[in-house]
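Let's take a walk through this one together, starting with the whole chain and then zooming in on a couple of spots. Keep the viewer open as you read.

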Amino acid sequence: MMTLSQGMTYALAAALVALSAREALAPRTAARGYGVPIPEGIDATPYLEVKANRDFVLAGLLVVAASASHSILSSVLLVGTIAPVADAWTVKRHGKASDTVVHLGTAAFMIVAGALAASGH
């Protein structure tokens with residue numbers, strides 16, 4: 001039987017795979033959605049491909065962690081929260097502070113899922 005924290009983790013992993021695909025296939029759209037649009041005349045595609053790879057690998061790690069013990073899942077989720085917090089900081093420094101909401105929301109989601117995993121749910 002799947003726990004709530006596992007379900008949340010699988011949903012997060014699926015979202016990361018979708019984001020990874022968007023970053024690889026539509027980099028300008030992905031950059032706008034991330035919160036730091038690419039200025040015209042600049043090819044930032046290589047940087048977004050790096051982010052696409054990162055998101056895809058993180059999704060895989062989340063799936064592996066979700067099938068491990070609750071303590072491992074909790075640890076991975078709580079340590080992994082660093083990524084969206086760092087993304088929010090990057091967006092705040094180079095974009096609009098209002099665009100940090102999605103990143104901070106992701107961090108909050110991961111903290112809740114990690115706490116649920118720590119409690120065995």
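Among contacts in the protein chain between residues at least 6 apart in sequence, what percentage join residues at least 24 apart? The answer is 69%. Bear in mind that we're looking at a predicted model here.

Now for the overall layout. The protein chain has six helices and zero strands, so reading along the sequence gives you α-α-α-α-α-α. The C-alpha trace spans about 50 × 25 × 15 Å along its principal axes. As for the radius of gyration, a compact globule with 121 residues would come out near 14 Å, and the 15 Å of the protein chain agrees with that. Of those 121 residues, 35% count as buried. The protein chain exposes about 6900 Å², with carbon and sulfur atoms supplying 71% of that area.

Next, zoom in on helix 4 (residues 70–80) and helix 5 (residues 82–94). Their axes come within 5 Å and cross at roughly 10 degrees. Angles under 35 degrees count as roughly parallel, and that's why helix 4 gets that label relative to helix 5. On the helix 4 side, the contact is made by L78, V79 and G80, while helix 5 brings I82, A83 and P84. Sort the residues of this contact by type and you get five nonpolar, one polar and no charged.

Finally, follow the chain past helix 5 to T100, in the loop between helix 5 and helix 6 (101–118). Is T100 buried or exposed? With a relative accessible area of 10%, T100 is buried, because the cut-off for that is under 20%. Leaving aside residues up to four places away in sequence, T100 touches A88, V91 and K92.

Notes. Residues are numbered from 1 along each chain as its sequence is written. This is a predicted model: local features need pLDDT of at least 70, side-chain atom pairs count only at pLDDT 80 or more; totals for chains, interfaces and linings use all residues. Side-chain values use heavy atoms; hydrogens and water are left out. Axes are lines fitted to C-alpha atoms, for helices over the stretch in contact, and angles run from 0 to 180 degrees between N-to-C directions. Helices (H or I, at least four residues) and strands (E, at least two) are DSSP runs, numbered from the N terminus. Angles under 35 degrees count as roughly parallel, over 145 as roughly antiparallel, 65 to 115 as roughly perpendicular and the rest as oblique. Contact means heavy atoms within 4.5 Å. Ala, Val, Leu, Ile, Met, Phe, Trp, Tyr, Cys and Pro count as nonpolar, Asp, Glu, Lys and Arg as charged, and the others, Gly among them, as polar. Buried means under 20% relative accessible area, exposed over 50%, partly exposed in between (1.4 Å probe, protein chains only). The radius of gyration is taken over C-alpha atoms; the globule rule is 2.2 Å times the number of residues to the power 0.38. Accessible areas come from the Shrake-Rupley method with a 1.4 Å probe; for residues, only the protein chains shown count as cover.
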